[in-house]
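Welcome, and thanks for taking a look at this one.

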Amino acid sequence: MTQNTYLDSFRKTFEISTEKMLEIAYGFRQAMEAGLQGQESPLKMLPSFIERPSGNEEGVFYTVDMGGTNVRSTKFKLSNRGFERLGEVKSRLKDPDGNYDYTNENTSAEMLFDFFAKNTEKLIQQGEQQASLGEGPKLGHTFSFPSRQVGINEAYLIEWTKEIKVAGVVGNNPNKLLKEALQRHNIDIEPVAILNDTVGTLLVAQYTHENADIGVIMGTGYNSCYLEGKHPLTGKEMIVNMEAGNFNIKLPLTKYDIEIDKRSVIPGAQLLEKMVSGYYIGEIATLIIEDFYANKAIFDDTDSMNKFRSKKIDSLDVENYILYPERTTHVLGCSLDDAMKLKDISKSIVLRTARLVVATLFGTLLHIEDNEIKNEHVIAVDGTIFEKMPNVPELMQQAMDELTRSPNKIVFKLVKDGSGLGAAIAAAVAEAKSY
Ligand code: BGC
């Protein structure tokens, strides 16, 4: 095979046709409906116990947001459908220089949640110069992992995703662990709500877009939620966290996806997430380049390949390959032709991501509208893949229009910081309910 035919046949394995998107969409809808009825399904369809916010939420709230690689403590003031960020402290769970790592199996639940409490302590210290802590403040906690929710303030971690392995959290309520850690640090703040980041994203979008009924995270991890009109548990509206990253029906898995799954700490799980999310995209690109090299389809000299191997490729590199092939030639010491191949490969990965995600979102719309999509919808999206990867919003819009055949009936809106602000809204909703 010549170098170019290798590239062509690779491109084909990454293509997702309209028919394939429809097939995935129908499978997704079926899985949603099975999961909602409590039948076996790759979609966990987890209730959030949160409905559409009224817009009258008011007050000052703390939040803790753990999504994977960082923890963020924030203080927000909510009023008149608006907000003010009064302070924020962000810490990495894993030191890039290797001095500590709060994501591995040697970390206990106490260690992890003490780390969160210390982060909140820093935020309080920062705020002391401005204002006092106030009366018994409340906190919303965005915990972005599959958790079986039994109330707005009670959830149990089902399993870790995004390759986190901290011991002693699975099966426990992260809000109880957080409360105990805050108490150990003599911090008088009470967690009152726990939610998924997709739910936070949707809550924030609902403040400004009446038609927003789907929330999506395309970041380190992948997931979506939607507003169920009549939830089987309550007969009322409720946001449902689908844990869409675990979807696995009719996915066009390539040999690279199968390899990534095998190497993962959770083989067999989160198959869609492993195809589309920031945590894995760099690894997919690495496997493809290794395969091209083994087949003499890229880099004539070993030097460039060694340079490529010497760093762990992440989603930012993939983005750079697309945007700056000239820079790639300098970084890897390769020809422009090779850099263009890296660009091509990266674009195929990104295009596949956009089309797979849209297929599942179309499936969600088919469920909401019961087959014929008559209404306009706003899909709220947060995460670096949507925000930073070249052309992703446009590619998603194109794919959606291809499926609805009605341009811009469904639109995507970037919602920044849904996981932070959404947690403050959820805390306010919980407070309003308790009176
Ligand atoms: C988690 C979800 C989360 C998503 C985005 C996934 O790995 O299972 O709960 O919403 O990442 O952060």
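This is a predicted model: local features need pLDDT of at least 70, side-chain atom pairs count only at pLDDT 80 or more; totals for chains, interfaces and linings use all residues.

The protein chain has 15 helices and 13 strands. Its radius of gyration is 22 Å, close to the 22 Å that the globule rule gives for 435 residues, so the chain is as compact as a globular protein of that length.

**The chain as a whole**

- Along the principal axes, the C-alpha atoms of the protein chain fill a box of roughly 70 × 55 × 35 Å.
- Buried residues make up 58% of the 435 in the protein chain.
- The protein chain has an accessible surface of about 18,600 Å², and carbon and sulfur atoms account for 47% of that surface.
- If you take the contacts in the protein chain with a separation of 6 or more, 68% of them join residues 24 or more positions apart.

**Around the ligand**

- Which residues come nearest to the ligand? There are 14 residues around it, and T161, K162, D197, E243 and E273 are the ones that come nearest.
- Sorted by class, this shell holds 4 nonpolar, 6 polar and 4 charged residues.
- The side chain of K162 has an N or O atom 2.7 Å from an oxygen atom of the ligand.

**Buried residues and their neighbours**

- M218 belongs to strand β9, which covers residues 212-218. With a relative accessible area of 1%, M218 is under the 20% limit and therefore counts as buried.
- Setting aside residues up to four places away in sequence, M218 touches T353, V357, V381, D382, G383, T384, I385, F386, V392 and M396.
- The C-alpha atoms of M218 and G278 are separated by 7.5 Å, although these two residues are 60 apart along the chain.
- S315 sits in helix α10 (residues 315-323), and its relative accessible area of 17% makes it buried.
- The side chains of D291 and Y256 make a polar contact at 2.5 Å. Beyond neighbours within four places in sequence, the residues in contact with D291 are Y6, K255 and Y256.

**Two residues with a positive phi**

- As background, most residues other than glycine have a negative phi.
- N186 is not a glycine, yet its phi is positive, at about 55 degrees. You can find N186 in the loop between α4 (174-184) and β8 (190-195), where it is exposed with a relative accessible area of 71%.
- D370, also a residue other than glycine, has a positive phi near 55 degrees. This residue is placed in the loop between α12 (336-369) and β12 (377-382). At a relative accessible area of 55%, D370 is over the 50% limit, so it counts as exposed.

- D300 lies in the loop between α8 and α9 (302-309), and it is exposed, with a relative accessible area of 75%.
- In sequence D300 and C334 are 34 residues apart, and their C-alpha atoms are 8.8 Å apart in space.
- E394 is part of helix α14 (residues 392-404). Its relative accessibility is 44%, which lies between the 20% and 50% limits, so E394 counts as partly exposed.
- From E394 to F412 there are 18 residues in sequence, with 9.4 Å from C-alpha to C-alpha.

Conventions:
Residues are numbered from 1 along each chain as its sequence is written. Side-chain values use heavy atoms; hydrogens and water are left out. A residue is near a molecule or strand if one of its heavy atoms lies within 4 Å of it. A polar contact is a pair of N or O atoms within 3.5 Å; within protein, one must be able to donate a hydrogen and the other to accept it, and residues adjacent in sequence count only if both atoms are side-chain atoms. Ala, Val, Leu, Ile, Met, Phe, Trp, Tyr, Cys and Pro count as nonpolar, Asp, Glu, Lys and Arg as charged, and the others, Gly among them, as polar. Contact means heavy atoms within 4.5 Å. Helices (H or I, at least four residues) and strands (E, at least two) are DSSP runs, numbered from the N terminus. The radius of gyration is taken over C-alpha atoms; the globule rule is 2.2 Å times the number of residues to the power 0.38. Buried means under 20% relative accessible area, exposed over 50%, partly exposed in between (1.4 Å probe, protein chains only). Accessible areas come from the Shrake-Rupley method with a 1.4 Å probe; for residues, only the protein chains shown count as cover.
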